[in-house]
Amino acid sequence: MAAAVLAGVISAFAAPGDLDPTFGQGGIMVTSFTELPTWDYPRSIQVQPDGKIVVCGEIRASVGDPFDGNVATMSFFIARYNPNGGLDTSFGTNGKVIAPINSGDEFVGNEIALQPDGKILAVGVSGTGYDIAVNRYNSDGTLDPSFGTGGRIVTNVGTINSQAIGVSIQQDGKILVVGSAASDPFNGGLGLVRYNPNGSLDNGFGEGGKVITDFVDGASPLSIMYRPDGKIVVAGHGTGNFALARYNRDGSLDTDFGSNGKIVQASRAQKLI
């Protein structure tokens with residue numbers, strides 16, 4: 001009863017924006033992913049319907065002095081936490097999935113998305129060919145063998161090094177992935193790929209499941225949104241500019257949006273110069 005009274009007192013004095021004392025330690029959860037001297041960077045977070053929290057990110061190792069700038073990307077992690085901040089031991093190994101150190105296979109810690117069936121999609125870049133990489137995990141953190149090859153997909157997009165930045169799941173289960181890609185080394189571009197639920201490319205989208213949109217100012221993607229009407233919006237940035245593109249269901253640019261489906265807007269700072 002004393003604990004219940006104390007919880008009520010804490011709740012009574014808590015103000016909006018205060019750390020939640022029921023989460024982690026005083027509202028903060030700190031997780032180490034390897035025993036090596038590394039810097040861990042979370043990049044994306046999603047909350048499951050049951051309140052569990054899924055986080056993905058990057059693991060970097062410093063060679064020698066961690067402050068000398070000599071840092072190499074080693075691998076990526078996915079972790080799942082219970083609503084109270086404790087690691088969910090039913091996921092991966094004690095709540096964590098960590099890619100083999102320096103495996104060179106892929107880095108898929110840029111963004112994650114949750115499927116309605118509890119499976120987890122993680123996107124990034126292949127470590128060997130600098131192509132778009134997508135992994136799908138079961139709800140327990142194991143790779144899903146029904147997706148791609150052993151749970152993994154690597155897709156070449158464009159002629160320049162590319163990587164996946166964002167992922168969105170359509171209502172029909174098809175998977176949209178956006179990344180950096182270009183067919184011209186002097187212009188940035190957005191690479192948009194759509195996969196069937198099993199990981200195969202959707203041949204009814206763009207050319208063989210892929211669309212490349214070139215932007216003269218060197219735009220790179222940051223985010224993707226699938227709208228209820230089936231249209232797809234991608235946001236990105238260029239050299240001091242921000243860029244938007246909107247696509248129809250089949251991957252063609254929506255000519256009713258901006259200038260032939262694209263908008264490049266100069267930042268305020270540029271306008272003032």
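A: P228 is found in the loop between strand 13 (220-226) and strand 14 (232-237), where strands (E, at least two residues) and helices (H or I, at least four residues) are DSSP runs numbered from the N terminus. This is a predicted model, in which local features need pLDDT of at least 70 and side-chain atom pairs count only at pLDDT 80 or more, whereas totals for chains, interfaces and linings use all residues. Residues are numbered from 1 along each chain as its sequence is written, and side-chain values use heavy atoms, with hydrogens and water left out.

At a relative accessibility of 71%, P228 counts as exposed, because exposed means over 50% relative accessible area, buried under 20% and partly exposed in between, with a 1.4 Å probe and protein chains only. P228 lies 8.3 Å from Q171 in space, C-alpha to C-alpha, although 57 residues separate the two in sequence.

V193, in strand 11 (residues 188-195), is buried, with a relative accessible area of 0%. Setting aside neighbours within four places in sequence, V193 is in contact (heavy atoms within 4.5 Å) with residues including I132, V157, I175 and F205.

Turning to the aromatic rings, a search of the whole structure finds 2 aromatic pairs; rings of Phe, Tyr and Trp (its six-membered ring) pair if their centres lie within 6.5 Å, and planes under 30 degrees apart count as stacked, over 60 as edge-to-face and the rest as tilted. The rings of F33 and F77 have centres 3.9 Å apart and planes at 20 degrees, so this pair is stacked. It links distant parts of the chain, with F33 in the loop between helix 1 (2-13) and strand 1 (38-47) and F77 in strand 3 (residues 71-81), 44 residues apart, and both F33 and F77 are buried. For F76 and F107, the ring centres are 6.2 Å apart and the planes at 85 degrees, so the pair is edge-to-face; F76 belongs to strand 3 and F107 to strand 5, 31 residues apart.

Strand 5 pairs with strand 6 (residues 120-126) over 6 bridges in the antiparallel sense, and E106 stands opposite S126 in strand 6.

Conventions. Two strands pair if DSSP finds at least two bridges between them.
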